[in-house]
Amino acid sequence: MTPDGSIYIADTANNRIQKFTSNGVFVNKWGTSGTDDGEFNTPYGVGVASDGSVYVADSDNHRIQKFTSEGVFVSKWGTQWSGYGQFDEAWDVAVAPDGGVYVADYGNYRVQKFTSNGASVSK
């Protein structure tokens, strides 16, 4: 949930993100199956920053995608493997009050920390 009460849900099987009000009223959805910007392959986790930016753990694309609160694509980072900034299934994402982005890297058994722009800070 976000400061304004919005709730974002990773609709994993449909490769999309859905947004609802705190009362469960549907607001918006975005995404489709694929590898291009704004497309997903098994999205699992969603994290929201205090500025409204939405981060999605795009698991089988081994990356994080960043969107505006309305679902407009902003940026992405990550590739498949085990180095810093790489993932073996980005499983979940959380945003700390200081803006740090934490990613649960499922297949590599670790959590990585990034800046809001995707620069790795967990070395």
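Which residue in β3 is the bridge partner of Lys-19? The legends below begin with the sheet that holds this pair.

**Figure 1. The open sheet β1-β2-β3 in the predicted model.** The model is predicted, so local features require a pLDDT of at least 70 and side-chain atom pairs count only at pLDDT 80 or more, while totals for chains, interfaces and linings use all residues. Residues are numbered from 1 along each chain as its sequence is written, and side-chain values rest on heavy atoms, with hydrogens and water left out. Three strands, in the order β1-β2-β3, make up an open sheet with antiparallel pairing. The edges are taken by β1 (7-11) and β3 (26-30); each has a single partner strand, so one side of each is left without a neighbour in the sheet. On average, neighbouring strands of this sheet are turned by 20° against each other, direction ignored. Axes for such angles are lines fitted to C-alpha atoms, for helices over the stretch in contact, and angles run from 0 to 180 degrees between N-to-C directions. Strands are DSSP runs (E, at least two residues), numbered from the N terminus, and two of them pair if DSSP finds at least two bridges between them.

**Figure 2. Bridges within the sheet and the β1-β2 hairpin.** The bridge partner of Lys-19 in β3 is Asn-28. Strand β2 (residues 16-20) pairs with β3 in the antiparallel sense over four bridges. Between β1 and β2, which also run antiparallel, there are five bridges. Arg-16 in β2 stands opposite Asp-11. The hairpin formed by β1 and β2 has four residues between the strands, and Asn-15 in the turn has a positive phi of about 50°.

**Figure 3. The aromatic cluster around Phe-67 and Phe-73.** The structure holds ten aromatic pairs; rings of Phe, Tyr and Trp (its six-membered ring) pair if their centres lie within 6.5 Å, with planes under 30 degrees apart counted as stacked, over 60 as edge-to-face and the rest as tilted. Phe-67 and Phe-73 have ring centres 6.0 Å apart and planes at 80°, so this pair is edge-to-face. Ring pairs link Tyr-8, Trp-30, Phe-40, Phe-67 and Phe-73 into a cluster. Phe-67 is buried at 1% relative accessible area, whereas Phe-73, at 27%, is partly exposed. Buried means under 20% relative accessible area, exposed over 50%, and partly exposed in between (1.4 Å probe, protein chains only).

**Figure 4. The ring pair of Trp-91 and Tyr-106.** The ring centres of Trp-91 and Tyr-106 lie 4.4 Å apart and the planes meet at 25°, so the pair is stacked. Trp-91 belongs to strand β8 (residues 90-95) and Tyr-106 to the loop between β9 (101-105) and β10 (110-114), so the pair ties together parts that are 15 residues apart in sequence. Both residues are partly exposed, with relative accessibility of 30% for Trp-91 and 49% for Tyr-106.

**Figure 5. The surroundings of Thr-32.** Thr-32 lies in the loop between β3 and β4 (43-48) and is partly exposed, with a relative accessible area of 42%. Leaving aside residues up to four places away in sequence, Thr-32 touches Asn-15, Gly-38, Glu-39 and Phe-40; contact means heavy atoms within 4.5 Å. The C-alpha atoms of Thr-32 and Tyr-44, twelve residues apart along the chain, are separated by 14 Å.
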